[in-house]
Amino acid sequence: MNPAQLVDGVRRHSWIPITLALFGLILGYAYFKRQKPVYEAVSVAQFGSEQNSLLGLNGVSTPGLGDEKSVNTLIQAAKSREVIGRVVTELNLTRLAGFSGGHPNNSKEARENAISTVSSMVRISLRKDTRLIDFTVSGADPEQVASLSNQAVLSLVAELESQKSKTMQGAVQALVAEGQRLQDKLTKSEIAMHDYKRSNQAISLDERKDLVLTKLKELGSELNHQSKERLTLETQLKACKEEKLPRDELLSLPTIASHPKVSGILTQLSNQKSALALLAERYKPKHPKYESVQAVINNQEQQLTTILADAVHMLESSCEHAKELERRLQEQLKKQESEALDLEQLAVQYNVLKREMESDQAVYESVLTRIKQVDVSKGMETPPIWVHQLAMVPGEPVSPNAKKVVGSSTAGGFMLGLAIIGLIVMQDRSIRSVEDARQKLRVPVLGMIANLPHHPDTKDQRSKEHDYSQGLTPALIAHKAVAESFREFRAIIARMAKSPQTCHMVVSAIPDEGKTFVSTHLAVSLASQGYRTLLIDMDLRRSQLAQVFGIPSSRKGVIDLLLEEASFAEVCLSGGIAHLAIMPAGKRVANPAELLSTCGVERLKDMAFAAGFDRIVIDTAPLIPVNDTLELGGLADSTFLVVRCNRTPSDIIQEAIRKLQQTGIPLTGLILNRLAQRTRSYDYYYHRSYYKAGENEESAPLRPVSRGFTPPHKMG
């Protein structure tokens with residue numbers, strides 16, 4: 001369903017939404033008149049932002065109102081029985097019959113009924129993006145709803161203040177009791193700490209632990225140094241044993257160089273070499289003094305060589321000494337580690353007791369601080385909610401709203417009508433437009449006849465009287481409204497004609513498609529062009545041509561000709577239009593299909609052309625109900641299928657086309673009858689004034705004149 005189809009459906013069925021809209025209007029007005037006036041009063045309360053309580057203990061302070069859950073909780077509290085009960089009590093509503101429900105005043109049943117009634121009248125809601133809560137009360141009495149709304153706000157504020165006071169008192173008592181308990185616990189912790197220090201001599205436990213750790217680090221450092229020195233001596237000893245170190249490298253070893261004997265000889269050698277250097281400046285090597293000093297140096301060199309020869313023993317002695325030192329350091333380190341572990345074990349329990357005492361002391365001091373703050377802040381905290389605006393007595397009712405009720409019911413009826421039209425359009429399988437016919441039927445559209453409504457008025461009546469006075473028949477008068485459509489159709493089939501003499505057959509799928517209408521006006525249009533035209537009524541079951549042209553039903557026709565009971569000239573009758581002859585159906589027979597199949601209907605065509613006719617137009621029976629038309633396949637040169645738009649389903653039309661194809665009757669094209677004017681907007685909207693201007697010129701060629709055509713004998 002496209003928008004164009006929906007618009008067309010609205011145009012055709014516009015009475016549905018209009019009727020339903022009027023019906024909705026009546027119902028809405030009746031409903032409005034039956035309703036009682038309802039007044040509404042609104043009081044406004046404001047709640048504060050979330051703030052930290054001075055008490056600072058969970059479960060003791062008043063809850064904050066900053067989140068959605070807290071606000072919803074507050075709204076539910078306003079609807080509670082306690083708050084509504086305050087309203088009932090303050091306004092003494094149990095004395096009113098509308099609230100007590102007929103129960104005795106101040107009775108339990110009256111109070112319960114009043115609470116239930118007030119709860120149904122009060123509506124509490126939060127304004128979006130604000131901190132305002134509306135207390136809306138609806139009822140028939142304006143003063144009563146205003147007092148109920150105001151009292152609901154005041155009762156909620158009073159209830160919250162009462163709960164806050166009770167909560168504050170309970171909180172103070174809980175803090176005092178908690179402070180006493182924490183004081184006793186702190187005393188016990190201090191006593192346990194003191195007893196542990198005395199029993200384990202842990203007065204200076206932290207200092208002892210620091211000293212042990214410091215000495216442990218020093219011993220560890222010395223042990224590492226001694227281990228490195230031992231490894232170095234072992235390496236040197238191994239090299240000496242392998243005799244891989246020369247004299248200079250032995251002297252470079254710290255262990256060898258620091259040996260007393262080696263260091264003494266090296267010092268003497270250094271002194272003698274210095275003295276020899278001074279003598280070398282004065283004397284020659286052969287001088288006695290020079291030789292004496294040289295002899296001493298050589299002697300000391302020999303002593304040094306002798307001592308270095310025993311370097312392995314020296315290194316072994318140094319290695320043993322280094323190992324001994326390393327062993328002693330390891331023993332001292334283990335002793336310090338053991339002492340450190342003992343102190344750590346003592347410190348575990350000590351720290352546990354210390355932390356417990358410090359924690360108890362901190363909590364106790366915090367509780368003391370909170371108690372002092374509560375004493376100072378009494379009466380200083382902002383209330384969680386307060387009255388922002390009290391309700392005024394309403395002057396006008398809020399419902400029923402006449403415009404809203406009547407407008408909604410009218411609009412609802414109109415929309416229901418549109419929905420019904422939409423369903424009708426969706427279920428409609430008929431042909432609505434030229435494009436629809438081309439897409440669904442796949443057959444060319446040759447003619448389009450608009451659905452022109454007829455509204456006879458005084459002017460039309462005078463026009464008809466004038467036409468009758470001019471000798472025009474009813475068929476000619478009716479032809480004036482559709483003449484332009486049939487001129488277009490006539491021009492198309494004239495181009496398609498293959499011979500000067502042509503026989504056209506007009507068929508339809510079912511009755512009431514406009515087949516006879518199309519046949520009649522096609523014949524009139526051909527006759528108006530000067531063609532000698534014969535219009536034959538082959539609808540032998542429900543013939544209508546004789547009635548259209550005012551021919552008596554007793555006149556002979558096609559059946560009489562086929563039964564050879566009348567001649568061709570006897571059955572060709574004048575229709576009162578120039579160049580046009582009518583051949584009615586004639587008398588009725590029981591089996592028209594058998595008659596058409598056995599009497600040689602093809603000879604009608606030859607007889608007509610032999611009589612001097614140029615065009616033959618055959619009006620046939622519907623294809624779906626009967627098979628009479630299928631017997632005329634060889635008679636027509638062209639076959640036109642009339643389709644009534646917005647009525648006949650497309651599948652029925654396709655079945656008629658299938659019948660024609662199965663019997664070998666070629667379908668030339670479609671004629672769309674009663675086509676909506678909107679679908680031919682290019683014809684009936686943009687150029688309507690042009691067509692109207694030419695309507696007065698139509699009667700001239702349609703009048704009975706002699707134009708070279710002499711009707712056959714007994715034609716009139």
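Reader: In which helix is L329 found?

Author: This is a predicted model. In it, L329 lies in helix α13, residues 311-377.

Reader: What makes L329 count as buried or exposed?

Author: Its relative accessibility does. L329 has 12%. Buried means under 20%. Therefore L329 counts as buried.

Reader: Which residues does L329 touch, leaving out those up to four places away in sequence?

Author: L329 touches L219, E222, L223 and Q226. S227 is 102 residues from L329 in sequence. Their C-alpha atoms are 10.0 Å apart.

Reader: How do you know whether R588 is buried or exposed?

Author: Use the cut-offs again. Exposed means over 50%. R588 has 58% relative accessibility, so R588 counts as exposed. R588 sits in the loop between β9 (580-583) and α22 (592-598).

Reader: What does R588 touch, not counting residues up to four places away in sequence?

Author: R588 touches L540, R541, R542 and I559. Take R542: it is 46 residues from R588 in sequence, and the C-alpha atoms are 9.4 Å apart.

Reader: Why is R532 called partly exposed?

Author: Partly exposed lies between the two cut-offs, 20% and 50%. R532 has 27% relative accessibility, so R532 counts as partly exposed. The residue is in the loop between α18 (515-528) and β7 (533-537). L580 is 48 residues from R532 along the chain, yet their C-alpha atoms are separated by 6.2 Å.

Reader: Why are α2 and α14 called roughly antiparallel?

Author: Their axes cross at roughly 155 degrees. Angles over 145 degrees count as roughly antiparallel. Therefore α2 and α14 are roughly antiparallel to each other. The axes come within 7 Å. Helix α2 covers residues 15-34, and helix α14 covers residues 402-427. Their crossing is right-handed.

Reader: Which classes of residue make up the contact of α2 with α14?

Author: The contact has 17 nonpolar and six polar residues, with no charged ones.

Reader: What makes α4 roughly perpendicular to α6?

Author: Helix α4 (residues 81-91) and helix α6 (residues 108-121) pack at about 105 degrees, with axes 9 Å apart. Angles of 65 to 115 degrees count as roughly perpendicular. So α4 is roughly perpendicular to α6.

Reader: Which residues make that contact?

Author: From α4 come R81, I84, G85, V87, V88 and T89. From α6 come R111, E112, A114, I115, V118 and S119. By class, the residues of this contact are six nonpolar, three polar and three charged.

Terms used. Residues numbered from 1 in each chain as written. Predicted model: local features only at pLDDT ≥ 70, side-chain atom pairs only at ≥ 80, totals over all residues. Heavy atoms only, no water. Axes fitted to C-alpha atoms, helices over the stretch in contact; angles between N-to-C directions. Helix = DSSP H or I, 4+ residues; strand = E, 2+ residues; numbered from the N terminus. Parallel < 35°, antiparallel > 145°, perpendicular 65-115°, else oblique. Left-handed = near helix turned anticlockwise from the far one by under 90°. Nonpolar A, V, L, I, M, F, W, Y, C, P; charged D, E, K, R; others polar. Buried < 20%, exposed > 50% of the residue type's maximum accessible area, 1.4 Å probe, protein only. Contact = heavy atoms within 4.5 Å.
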